[in-house]
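I opened this model to look up a few residues and their surroundings. My notes follow in the order I took them.

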Amino acid sequence: MSIKISIAAARINAGLTQREVCKTLNISKTTLVNYEKGRTVPDVIMGQKLADLYKIPIDNLKFF
């Protein structure tokens with residue numbers, strides 16, 4: 001069983017700013033904030049991109 005970590009915590013643990021993530025993944029800050037606050041859930045492809053960027057298995061990300 002893996003430990004689940006929020007998208008925001010994973011980003012912080014990876015040492016990335018919201019701006020860096022948005023620029024790398026070509027998404028708006030609003031989109032990222034909505035993911036991090038659980039207002040919206042990324043699709044599978046974006047979820048995998050986030051996990052890859054944060055260098056963690058997608059199974060470790062908590063999608064509210």
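I started with Arg11, which counts as buried because its relative accessibility is 10%. For this I took buried as under 20% relative accessible area, exposed as over 50% and partly exposed as in between, with a 1.4 Å probe and protein chains only. The model is predicted, so local features need pLDDT of at least 70 and side-chain atom pairs count only at pLDDT 80 or more, while totals for chains, interfaces and linings use all residues. Residues are numbered from 1 along each chain as its sequence is written, and side-chain values use heavy atoms, with hydrogens and water left out.

**Salt bridge.** I looked for the partner of Arg11 and found Glu36, the two side chains meeting in a salt bridge at 2.6 Å, N to O. The term stands for a side-chain nitrogen of Lys or Arg within 4 Å of a carboxyl oxygen of Asp or Glu. Arg11 belongs to helix α1 and Glu36 to helix α3, so the pair ties together parts 25 residues apart in sequence. I took helices (H or I, at least four residues) and strands (E, at least two) as DSSP runs, numbered from the N terminus. Glu36 also counts as buried, because its relative accessibility is 10%. I noted one salt bridge in the structure.

**Helix α3.** Which residues of helix α3 (residues 29-37) are buried? I listed Leu32, Val33, Asn34, Tyr35 and Glu36. The buried residues of α3 pack against α1 (7-13), α2 (18-25) and α4 (44-54). Just after α3, I found Gly38 with a positive phi of about 80°.

**Core.** I then looked up the largest nonpolar core, which has 13 residues. Such a core is a set of buried Ala, Val, Leu, Ile, Met, Phe, Trp, Tyr and Cys residues joined through side-chain atoms within 4.5 Å. Ile27, Leu32, Tyr35, Leu50 and Tyr54 have the most contacts inside this core. Helices α1, α2, α3 and α4 are the elements that give two or more residues to it, and α4 gives the most, with four. For Leu32 I set aside residues up to four places away in sequence and found that it touches Arg11, Gln18, Val21, Cys22, Ile27, Leu50 and Tyr54. Contact here means heavy atoms within 4.5 Å.

**Leu16.** I placed Leu16 in the loop between α1 and α2. Leu16 counts as partly exposed because its relative accessibility is 22%. Apart from neighbours within four places in sequence, Leu16 is in contact with Arg11, Val21, Leu53 and Tyr54. From Leu16 to Asn34, 18 residues apart along the chain, the C-alpha atoms are separated by 17 Å.

**Ser6.** Ser6 sits in strand β1 (residues 5-6) and counts as buried because its relative accessibility is 17%. I found a polar atom of the Ser6 side chain 3.0 Å from the backbone nitrogen of Ala9. Not counting residues up to four places away in sequence, Ser6 touches Leu61, Lys62 and Phe64.

**Positive phi.** Most residues other than glycine have a negative phi. I noted Asn26, with phi near 55°, in the loop between α2 and α3. Asn26 counts as exposed because its relative accessibility is 71%. I also noted Lys55, with phi near 60°, in the loop between α4 and β2 (61-62). Lys55 counts as exposed because its relative accessibility is 74%.

How values were computed. Polar contact = N/O pair within 3.5 Å; in protein donor to acceptor, adjacent residues only side chain to side chain.
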